[in-house]
Amino acid sequence: MNPVNYLYLAALLFTIGAAGVLIRRNAIVLFMCVELMLNASNLALVTFSRLHGTLDGQIIAFFTMVVAAAEVVVGLAIIVSIFRTRHSASVDDSNLMKL
Amino acid sequence: MTSYLAEATGTTSTGEAVQFWVLAVIAVGGALGMVLMRRAVHSALCLAATMLALAVCYMAQGAVFLGVVQIVVYTGAIMMLFLFVVMLVGVTSEDSLKEQLKGQRIAAALCGLGFGVLLIAGIANARLDHFTGLSEANAEGNVPGLARLIFTRYVWAFEVTGALLITAAIGAMVLTHREHVKAPKTQRELAAQRVKDNIQLPPLPAPGVYARHNAVDVPALLPDGTIAEDSVMATLRERGQIRDVSQAMLQRMAELENSTADWLGRPSSERPAVTGPRKSLEQVAANGRDGQADEEGVE
Amino acid sequence: MNSLIPLLVAAPLAGAALLLLGGRALDRFGHWLATALAALSFGFGLALFSDLLGRDAEHRTVTKHLFSWIPVNGFQADFTFRLDQLSMTFVLLITGVGTLIHLYSVGYMAHDERRRRFFAYLNLFLAAMLLLVVADNYLLLYFGWEGVGLASYLLIGFWQHKPSAATAAKKAFIVNRVGDMGLSIAIMLMFAEFGSFAFGPILGSEGAAGGAHQASEGKLTAIGLMLLLAACGKSAQVPLQSWLGDAMEGPTPVSALIHAATMVTAGVYLITRSSAIFDLAPDAQTAVVVVGAVTLLFGAIVGCAKDDIKKALAGSTMSQIGYMVLAAGLGPIGYAFAIMHLVTHGFFKAGLFLGAGSVMHGMNDEVNMRHYGGLRKYMPVTFVTFGLGYLAIIGFPGLSGFFSKDKIIEAAFAKGGTEGWILGLCALVGAAVTAFYMTRVMVLTFFGEKRWQPDEEGNAPHPHESPKTMTVPMVLLAFGSVFAGGLFAFNDSFLKWLEPVTGHEEGNSPLAPLTVTLLTTACMLAGVALAYLVYGRSPVPVVPPVGSPLTRAARRDLLQDDFNHAVLVRPGSALTATLVYFDSRGLDGFVNGLAATIGGLSGRLRRVQNGFVRSYALSMFGGTLVLVATTLLMRSV
């Protein structure tokens, strides 16, 4: 088997995540989809690392994880505060930014 | 194990192929499940499954450290955070299936499809028939190799990441922190306020007082037989979860008590004040099930 | 003495300003103030005249530089006045006759509540006309020219509450605009050709040849034709004569002023003043002659058919001005006679109009001559003065018109060749027709039986003689009508007076002067006799008979208005409608369509900003898709 298959898997997961962001309305699920996309890119990075025989890809994946953790913390905090004021976790309910 | 993996990265064994296909099915299934499940909890669990599968993939590809981090940090910490927020928001809340944005679903599907096709076509066009493998890079072990890079070439990025994490932590605190505009009232002040307002001087009636049941959702009965809504806690009141204690309900309860008393052979002094027709226990049990259904309907 | 020249203009201008700005306080004596200022201007004119007479003939051109008007590098227009024999003649005519008309108006407008305003306009009219004739350059002349147009507009439409008067004023103004365009184009051409507006550099002065002598004939012809167009507008010559008849809607003194002293003479002045240009452009001169001859007959024919006394006189004015233009078009052999006829005409036409006004004054403002008759017993002074004016205009031997008109006819014959014969015969026929229609006016008004009719309110007219303020000017003008011609002709004094400015040469007439005189007198007598036969011998029907097609056409100003309407107004309206259509549908449609398109697109684009995060995410995702696709395509190419 060729390790390229991992890349196909990553592409598939990324696409599913992206479609999920567009389709789901629950802010938490939306966030999960984003995490899925990040994970898919991590898989691709790990695979690249293996293809090239260097560890830099893994380092970048590592940083991605750190950033994702930070992002999740802030994002969930935002969701919680929105839920507190609007009693809803649906992203469609916060549509004040329009003409 | 490390040596096995290091060797395995050079070539792809049949074992890895089998492992990949199993993991790929789990990962894609989890991802699809996450997107398609209506309840956020289920989505979170599906995502956890996907992440675990990916963690194994990392390890299979020689990224042992990342695999472990994936399990510990991602599946362990981040997903728990997700579940926590899900619980906060309401574990039973479901997304309605009706799409409000016109054409959003079709457009999303088309874009996703197009994007996937593009990515796959891009990967297929890339010249990737030869690969190096990590056996050399991982010669002194995966973690030391990573550590060497992190603390030498990527040390600046590492430091910045630390700053980012601290900022994120502070940000989360700031976002979720509720500012008190003025100091909260003390017990004494609250009592004084109550006297001043003259709305409800004595304590609120406890639920179930003068009632047949003392569950929290059963309102107290006033001397004239009507219910005292104040006796039920505000949250339940708002949710409309006050148990129905109408006359018919009381009769049904009395029936149940009577039949129980019959079965136990209790004296009449212990029987309920409200009289209901006596029935055999089987019938009562059947009725009781109906009553249960009714109660749920009320909820 | 030169400093008196600006005062000529300033006096009536000050009168106009005072009366217009002074308010009600001047209502009581404003008319006398205006009259006094007109008389003052006349006094200045006389003083200057005596001064000019005191000089020898070659040095009678005096200029007075007042200030630099438009000093731009190559474009120098000065407020400079020029008084020479030609200007002097006009100044005396304008101020003299103008003063008499002012005096007359004091009586005529006695009962009009807007009399002060009327006199302000009269003064303004005088000031503008004086500025026109004493200007030393064409631009200043144009200033006065436009001032005359404005004043005539104000005065013709003085009774603006009458829609007909308002319309007539507008018509006069608009028709005059056509002529004004001609003058402005002529001035532009002159500036382009000579680099100056002043008379001296263009026309030559005191022996020095002007720029006109170096210019090509084509350009001079163009300038001449434009000047002729201007003259046609102001002097009511064919084809721009249509406003004159309608201008009778104004008060009668205004008609007298327009016809005798001021407005219509401006065209003749312009042609005579620009004689240096016309002398060098024979084609333009021919055009002038043709216009004069055609108008001469045109006006005479119109005058024959009108029952409105003022309109009959208006036709007569047109015809007489035609004589003057004809004479002016003849070149040096005719200029002096054109001006001479202009002056004598100024006297007798003013007298006739004032007489007509007097008749109307006594007849409850009735203007239809068929409702007059036998007025000679009731208005003896008016009858006598009007009669003298009548004799003068038909050229009765010994009176003013005889001398001037006779000379013009003689000059027309003197043009020489076939041209001369045609022009001469036209002028002769014109003299006969003039005699006919003037006799008709005379007979219908003062002779025969009474045909008075009560007006709409049932008031029968009580004809009476007019007050002194009206009769005195008429008497004075009658004197002028009788003696002015003889005075001018005596020893050719007028000719000698004007010769330094206009030049003069004797034509070689195929007919002896005496023959021409006899022919003219014969024609005149024939006209009088015919009119007497038609109108004097039999009772005049109160309702006009249907008449021949020519009569019917003449009653409608020889279909001039219909012609204008068909040839100019309709196509103009159609063109305007087309342009409006094109503008509103084409241009506006394009512009509005563009705006609407952009607006609509924006409206649609606005919907993209729907506030839904997922929509934005979708567009971002779509954008990424496009970017990635483009990148891959670029790489593969």
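# Notebook: chain B and its neighbours

**Entry 1, a patch on the surface.** I began with the outside of chain B, where B:Leu52, B:Val68, B:Ile71, B:Val72 and B:Val73 form a nonpolar patch whose accessible area comes to about 360 Å² together. I keep in mind that this is a predicted model. Which helix gives the most to the nonpolar patch? I found that helix α4 of chain B, residues 64-89, does so, with four residues. I then looked up B:Val73, which has its place in helix α4 of chain B. With a relative accessibility of 31%, B:Val73 counts as partly exposed, because that class runs between 20% and 50%.

**Entry 2, chain B as a whole.** I noted that chain B holds 11 helices and two strands, and that its pattern, read along the sequence, is α-α-α-α-α-α-α-α-β-β-α-α-α. Of its 299 residues, 33% count as buried.

I turned next to the contact with chain A, which takes 85 residues from chain B and 66 residues from chain A. The area buried between these two chains is about 6,900 Å², and carbon and sulfur atoms give 73% of it. How many salt bridges does the rule find across the interface of chain B and chain A? I wrote down two salt bridges, and one that I looked up joins the side chains of B:Arg153 and A:Asp56, with 2.5 Å from N to O. Between chain B and chain A I also recorded 15 residue pairs in polar contact, with both residues at pLDDT 80 or more. On the side of chain B that touches chain A, at least two residues each come from α1 (2-10), α2 (14-36), α3 (40-60), α4, α5, α6 and α7.

I looked up B:Asn138 in the loop between α5 (104-125) and α6 (142-151) of chain B. Is B:Asn138 buried or exposed? Its relative accessible area is 9%, so B:Asn138 is buried, the cut-off for that class being under 20%. The side chain of B:Asn138 reaches the backbone oxygen of B:Gly62 at 3.0 Å. Leaving out residues up to four places away in sequence, I found that B:Asn138 touches A:Leu55 and B:Gly62.

I then went to B:Leu165, which lies in helix α7 of chain B, residues 155-176. B:Leu165 counts as partly exposed, at 36% relative accessibility. With residues up to four places away in sequence again not counted, B:Leu165 touches A:Val66 and A:Ala70.

I finished with the contact between chain B and chain C, which takes 11 residues from chain B and 12 residues from chain C. The area buried between them is about 1,000 Å², with 79% of it given by carbon and sulfur atoms. Which three residues supply more than any other three of the area that chain B buries against chain C? I noted B:Leu101, B:Phe115 and B:Leu118, which supply 50% of that area. Across this interface of chain B and chain C the rule finds zero salt bridges, and one residue pair is in polar contact, with both residues at pLDDT 80 or more.

Notes
Residues numbered from 1 in each chain as written. Chains lettered and ligands numbered in written order. Predicted model: local features only at pLDDT ≥ 70, side-chain atom pairs only at ≥ 80, totals over all residues. Heavy atoms only, no water. Patch = residues over 30% accessible without salt bridge, like charges linked within 9 Å, V, L, I, M, F, W, Y side chains within 5 Å. Areas by Shrake-Rupley, 256 points an atom, 1.4 Å probe, with all protein chains shown as cover. Salt bridge = Lys/Arg side-chain N within 4 Å of Asp/Glu carboxyl O. Buried < 20%, exposed > 50% of the residue type's maximum accessible area, 1.4 Å probe, protein only. Contact = heavy atoms within 4.5 Å. Buried area = accessible area lost by both parts, 1.4 Å probe. Polar contact = N/O pair within 3.5 Å; in protein donor to acceptor, adjacent residues only side chain to side chain.
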